[in-house]
Amino acid sequence: MNKAESVTKGLFQAKVLSNQQIRQCYYRIILEFDPKGSELFRNVLPGQFLEIDLSRISLPETSRIPKHLRDVSQRQVLLRRPFSFSDVMISRDKKGVSVKVEILYCVLGPATVRMMSLKNDDTINVMGPLGNGFSVPSGLSQAILIAGGMGSPPILHLASYLKQRYPECQPVCFVGAKTCEDLPFTVRIGNITGVVLEEFEIVRVPSFVATDDGSAGYRGFVTDNARHWIEHNQIDPNSTVIFACGPEPMLLSAALLAENYKLPCQVSMERMMACGIGLCQSCAVETKSSAGDTKYRLCCKDGPVFNANDVIFHKA
Amino acid sequence: MMEQDVNLTVDFAGLDLAAPVMTASGTCGYADELSEFMDVSMLGGITTKSISLNPRKGNPTPRIVETSEGMLNAIGLANMGLDQFIEEKIPVLEQLNTKIFVNLAGQTIDEYVAVADRLAKESAIDGFELNISCPNVKKGGITFGTDPKLIGEITAAVKKVCLKKPLMVKLTPTVTDISITAKAAIEAGADALSLVNTFTAMAIDIETQKPVLANRTGGLSGPAIKPIAVYLVNKVYNEVAKDAGIPILGMGGIRNTEDAVEFIIAGATAVAIGTATFVYPNTAESIVSGLGRYCQKKGIFDIRELIGCLK
């Protein structure tokens, strides 16, 4: 067993097919995996993630670097950066399986500043697929998806995954951000329905927007918006699950909402990580242990998706 | 001209290493995670993460932060403890065709001794690395590693229970003169030295004006520390280890073959790969191949000719 017999993750190359700004600091990049990566990702689940080596990518011209990131972008990048995906496109032909993934990213530090400068046909080194994704219980009839800010991409992937694979399941999605500008999606004002997120419209999943300042959709927290919806709809707690990804206070609210309505809830957690494969032990998530004590589990290896009941959330 | 095979095997404190490259403690788990990325039998050995007598939860998060060409960590020796290690991990380690060093941690000398005593009887374990240099725990760790008298006491006490398995002492660079601590370890019976552990360091979030790490301070590792580590390996080699005939496991920021060669020239018998494994988990294996190519290019047929050859 010096080399593992069953390989589930690995290192491979990916080619950039497009890398475009959506708005302000938000970008959408589409990567095409080499045959090894495609094989590894053929059964990938929403909520899993990958890590990209951005240390070898050069900085864009200074004028393209947001002013507030010019100092921090001078720092060399050492570690890989984890990304979830908003879409995975799998095609099969005679030559085998070919996988493309779409990643929505926010430029917020030295690595993502470098990521801006990736051009079509550039190649990057990727490690994945990593972690455990969302799990869909059998008989699921209603999925309540709750997404906050940059936690939204895997929720979009989950929405389209449920639509494709679970025709009996009705997903509905609640997306929140500080302001309209902070939504990592294409926002359109519909005639009847109000604010529409095009990405969710394309996969035919109803979406409801909440912003802290009311600049789009409901004014307030995304979890309060979800609460109103649950109050006004018939929910069968035996066949409904809340799936959430976003900032930790939002995940805590989603967990409390689930508890109120006696619904199971899965949350995708985020932690600083160095390795992504369980070596460094840095991405600890405090969880309840059977002995009534608490136990650290690893976001990268045991998560990033956890049952909300198991997690001890950090309030700040 | 025919390419002659290069001998990459080295004798390390009585153990035959297949190559002078190992993985560093705390960066390779128990090697099980790594076997998806490389053939660990290509390596000279692996050093497990620290094992303490009782399980340790570790520190709150954030436990790491990236800095210029490096990272700080304050994991706090999170580990499953001796009993679970024996039950779950020894059977895995037994399957590996490479040398296994267990990194020993504790809060008291008795605790270190208890762990070594129990593991010395395990045939899967080839040697020990005494962690007296962890900067991230309140008791034990670095408090032992900066005091030559305590280093002597703990090294002698643990050495007594190691049976015939080599005991390597891991030194902290956070001392005024590392040769003094190196000498203390050797005089007390250390069979090998590993250096350097991380440098105590801090990163500050200027928005909150608080330290980034929950533990406030952490250990700096990665390429940022490499030139200092090379210097310290050379210093210990020249001033202590060479004359004592004690091998050095050199580490600190190695991420490629060139880095590894520098350490060997400086006096390391073998090198360990740490932080670089986080980025490319197969780094150690690629360095083994790279060392062979370097030797061929230089017309060296035995890697041992390189050890401490600094002109």
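A crossing of two helices is left-handed if the near helix is turned anticlockwise from the far one by less than a right angle, and right-handed if clockwise. In this predicted model, local features need pLDDT of at least 70 and side-chain atom pairs count only at pLDDT 80 or more, while totals for chains, interfaces and linings use all residues. Residues are numbered from 1 along each chain as its sequence is written, chains are lettered from A and ligands numbered from 1 in the order in which they are written, and side-chain values use heavy atoms, with hydrogens and water left out.

Helices are DSSP runs (H or I, at least four residues) numbered from the N terminus. In chain B, helix H5 (residues 178–187) crosses H6(B) in the right-handed sense, at an angle of about 35 degrees and with the axes 9 Å apart. Axes are lines fitted to C-alpha atoms over the stretch in contact, and angles run from 0 to 180 degrees between N-to-C directions. Contact (heavy atoms within 4.5 Å) involves B:Ile178, B:Ser179, B:Ala182, B:Lys183 and B:Ile186 of H5(B), and residues of H6(B) including B:Leu232, B:Val236 and B:Ala244.

The largest nonpolar core has 157 residues; such a core is a set of buried Ala, Val, Leu, Ile, Met, Phe, Trp, Tyr and Cys residues joined through side-chain atoms within 4.5 Å. Its largest share, eight residues, comes from helix H6 (residues 226–244) of chain B. A second, separate core of 33 residues includes A:Phe12 and A:Tyr105.

A:Pro249 lies in helix H6 (residues 248–260) of chain A. This proline counts as partly exposed because its relative accessibility is 40% (buried means under 20% relative accessible area, exposed over 50%, partly exposed in between, with a 1.4 Å probe and protein chains only).

Technical notes: Helices (H or I, at least four residues) and strands (E, at least two) are DSSP runs, numbered from the N terminus.
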